[in-house]
Every structure is written in C-alpha cells, then in structure tokens.
Amino acid sequence: MSSTSQVTTYSDLYTDLLNRVRQSTGITATETQAKRYINTALHDIHVGTQYIFPWTERRAFLTTHAPYSTGTLSVTAGSTTLTGASTAWNTTNTYGQANVRADGKLTIAGGTDVYRVGTVSGDTAATLSTRYVASSDASAASYLYYEDEYALASDFLRPIDFAMFSIDWSLPLVDRKELRRNHTRANVSGRPRMASIVDLAFSGSTTPVRKVWLYPYPDTTYIIPYSYVTSNLAVTSAGVEQASLSSDTDEPIMPLRYRHVIVLHALMNWYRDKRDDARSQEVKAEYDQLMGRITDDHDMGTNDCDGRIAGKENSRKAFLAFHGDHE
C-alpha cells in the first residue's frame, strides 16, 4: 500500500495502529498485540442485532430430504443395530443425498417412538443413537425415515429477519420453545410452514452446531432459499472468506472507504488498556461520529419486518442506540 492511500490489508491496519501509538514496527510481540486489537475491533464493530451491515448479508439454499421407506428392517429389542432388507440406505438419490443419513429420524413398524439415526455404514447396515425400546424384536418391519433438521451455511451467524426464515417461501421463524411446545412429536409431513433455529451439541470440533428445524417435516425434496448474516468478516487475497484476519494480505469484508474505522476502534482500546488516559474517550467520540456517518451513507439501510428499507435516520438511531450513544 502506498503511504498516502487508504488502509486496505491486514498489514496496513496493524501497521497504521502501531504508527498512531508511536510503536516500532517489526517487533514480533508488539505486532502480535496490534493484530489482536485489529481483529477485536473488526468483530466489535459487527456485534449486535439492531443494525445489519449490507456487506454481511449472504444468501443460501436449503435442499430438503424426501422421506424414505424402501425395504424393511430388523432390530432386536434393546439393541441399536439395524439390519435392512432390500434397502439402499447408503446410496445417494437424484439430489446427491444418501437415502438415510446420520441424525435423521426413524419410526419403526408404525410405532409412535421416534428414533435418531446414529450411523449409516452400508445400504443394509445402520445404527440408532439410542436402544430400540419394544416388548419384542422387529423382524422385516416397515419403517419411515425423514428429516426435519437441516444444516445451515457454515458461516451462518444469525437470520437477517428474525420474523421470517425464507421470504420467498413466506416461511416464518418462530421461537424454538414455541415450536417444541406446540409440536412436540414431529409426526406430520407436508410443505414446511414454520421454522426455528436450534443449537445442538458440539460434534468433532469447536465449531458451534446450528440447524434449522422445519415443521411439518418435508414430504418431498424442496429448495428453500434463505438470507442470513455471515460470521466471516475477512477475505483472503484469493477471495476465500474467513472469520478473522490472518495473513498480511487478508482484507476485511468492509468496503474500502470505511476500513479506517477499524483502526480507530483498535486505537480506542489500545489507549484504554495500555495508557489509561483521556485519549481513549477522544478516539471513541471520533469513532462514534464516524460510525453514525457510515450508517447515514447513501447505500445503507436496515430491513424492517416487512422487508421494506427503513430511512437513513432510523438506521442511524438504531445503531447509535445499540452503542449507547444518547445524543
């Protein structure tokens, strides 16, 4: 970057911070601290639910899974092992989905108990996540496999509209407690009429597991488009989005004309933590003023529940209210 141009890359940002606090560059320990302050600032700027920055909006598509009941299965009472006959559990369907997948749900022999699939190791071999509870074994029994929980985009942070999961489908987003309370047993199939976001146990990594729960469970394969706020706030020079800035050439997803505000936020915290002087509040005032101006920019706006664009002044007030600025 030219010394006279706008800060662009990760290197530009933390170098500018070091220059402002009059610290030497090239010192590993100091640069590490500066990098942490820059990433903290980048994330702090995007914290909150009352204001959605346009550059964080993303769109994805959900492909539902049609119920599957081909063949029969056998399972011993008290066991978790399923043995299929004329089944193709591990075979992919037209849409590239295995006919039966781990975490999907299963009813056996027309029973009311709903089981969760643990693993699928072959076309005729699978396990349940809990033991089969029955007074006798199930032999060559009918079954019904279905899915009502679906993985969201890997960078899904939160919905854009907390009232609507999919505008295209007019699919409302309801509180998970309400969905559990009113539809305890998901034994109804059809075109989904409501959705809820659920948080599940960690699985194999430290990445939170969030899924969308649909009711009723899909009776066929549907494509459901939805919009969301991304958790990826940085992008590599190759155009790959990621959660934070890492390499010197990485860039924030914020438009170039706004990126200097990241340095201001980092500078505010640096003065607060390392100098404990009035300059922290002075920088905060400049940061708050600039953020207010950003939210007033011509291409900015927030969506209300009806999907309409709110006025710029309302957008600015929403942002400032969230950040505690009571001008």
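Colleague: What percentage of the residues in the protein do buried residues make up?

Modeller: Please note that this is a predicted model. A residue counts as buried when its relative accessible area is under 20%. Here, buried residues make up 45% of the 327 residues. The protein exposes about 16500 Å², and carbon and sulfur atoms supply 48% of that area.

Colleague: How many helices and strands are there in the protein?

Modeller: The protein has 6 helices and 20 strands. As for contacts between residues at least 6 apart in sequence, 64% join residues at least 24 apart.

Colleague: Let us turn to one residue. Where is the place of T9, and why does T9 count as buried?

Modeller: T9 lies in the segment before α1, the helix of residues 10-20. The general idea is to compare a residue's relative accessibility with the cut-off for burial, which is 20%. T9 counts as buried because its relative accessibility is 16%.

Colleague: Which residues is T9 in contact with, leaving aside its neighbours within four places in sequence?

Modeller: With those neighbours set aside, the contacts of T9 are D248, T249, D250 and E251.

Colleague: Which residues are buried in α1, and what do they pack against?

Modeller: The buried residues in α1 are Y10, D12, L13, Y14, D16, L17 and L18. They pack against α2 (28-45), β20 (251-252) and α4 (260-275).

Note on methods
Residues are numbered from 1 along each chain as its sequence is written. This is a predicted model: local features need pLDDT of at least 70, side-chain atom pairs count only at pLDDT 80 or more; totals for chains, interfaces and linings use all residues. Side-chain values use heavy atoms; hydrogens and water are left out. Helices (H or I, at least four residues) and strands (E, at least two) are DSSP runs, numbered from the N terminus. Buried means under 20% relative accessible area, exposed over 50%, partly exposed in between (1.4 Å probe, protein chains only). Contact means heavy atoms within 4.5 Å. Accessible areas come from the Shrake-Rupley method with a 1.4 Å probe; for residues, only the protein chains shown count as cover.
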